[in-house]
Amino acid sequence: MNLPGKTVLKICGILMIISSSLAIIVSLIGLIPSVAATASGVDGIYVAIAFGIGLVSGIISLIVAIFVVKNANNKSKAMMIIILGAISILITLIGGIVGKTFSWSTICSMVIPALVVLGGVLNKTAKD
């Protein structure tokens, strides 16, 4: 069965894998010196927390992206894809609000998860 949301989900999933992998790498690169600075007495705890949150967010996004790519043509997993896409949107929204960096980049970062939700809805409503 070739579901209508398959292509959207595959493309968005691959883009999410790339972006979340980069987020993980950048978070690790930033986390190591900030933890070292905190351990040596410099006030870097807030920076370390920010990079830690970025790392967790990147890992969650990577898990979601792999699930989306793997199940892009599986109608029985469409509802789970919709839920995971909504969670990704919420994580991005919360990150923008908590980090006080809610801007156009935050809105643009929600586009791909929104397309994942759309692909999930297309697959869920497809005729058998």
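C12 is buried, with a relative accessible area of 4%, where buried means under 20% relative accessible area, exposed over 50% and partly exposed in between, with a 1.4 Å probe and protein chains only. The model is a predicted one, in which local features need pLDDT of at least 70 and side-chain atom pairs count only at pLDDT 80 or more, while totals for chains, interfaces and linings use all residues. Residues are numbered from 1 along each chain as its sequence is written, and side-chain values use heavy atoms, with hydrogens and water left out.

The protein as a whole comes next. Its secondary structure consists of five helices and zero strands; helices (H or I, at least four residues) and strands (E, at least two) are DSSP runs, numbered from the N terminus. The order of elements from the N terminus is α-α-α-α-α. The C-alpha trace spans about 60 × 25 × 20 Å along its principal axes, and 30% of the 128 residues count as buried. Among contacts (heavy atoms within 4.5 Å) between residues at least 6 apart in sequence, 75% join residues at least 24 apart.

Helix α1 covers residues 6–39. Its 34 residues should span 50 Å at 1.5 Å a residue, and its end C-alpha atoms are 48 Å apart, which agrees; the expected span is 1.5 Å times one less than the number of residues. The buried residues of α1 include C12, together with L9, G13, M16 and S20. Just after α1, G41 takes a positive phi of about 105°.

Two packed helices are described by the angle between their axes and the distance between the axes. For α1 and α5, the axes come within 8 Å and cross at roughly 150°. Axes are lines fitted to C-alpha atoms, for helices over the stretch in contact, with angles from 0 to 180 degrees between N-to-C directions. The two helices are therefore roughly antiparallel to each other, a term for angles over 145 degrees. On the α1 side the contact is made by K6, V8, L9, C12, L15 and M16, and on the α5 side by I112, L115, V116, G119, G120 and N123.

A search of the whole structure finds zero disulfides, a disulfide being a pair of cysteine sulfur atoms within 2.5 Å. For C108, the closest cysteine sulfur is that of C12, at 14 Å, which is too far for a bond.

Notes:
Angles under 35 degrees count as roughly parallel, over 145 as roughly antiparallel, 65 to 115 as roughly perpendicular and the rest as oblique.
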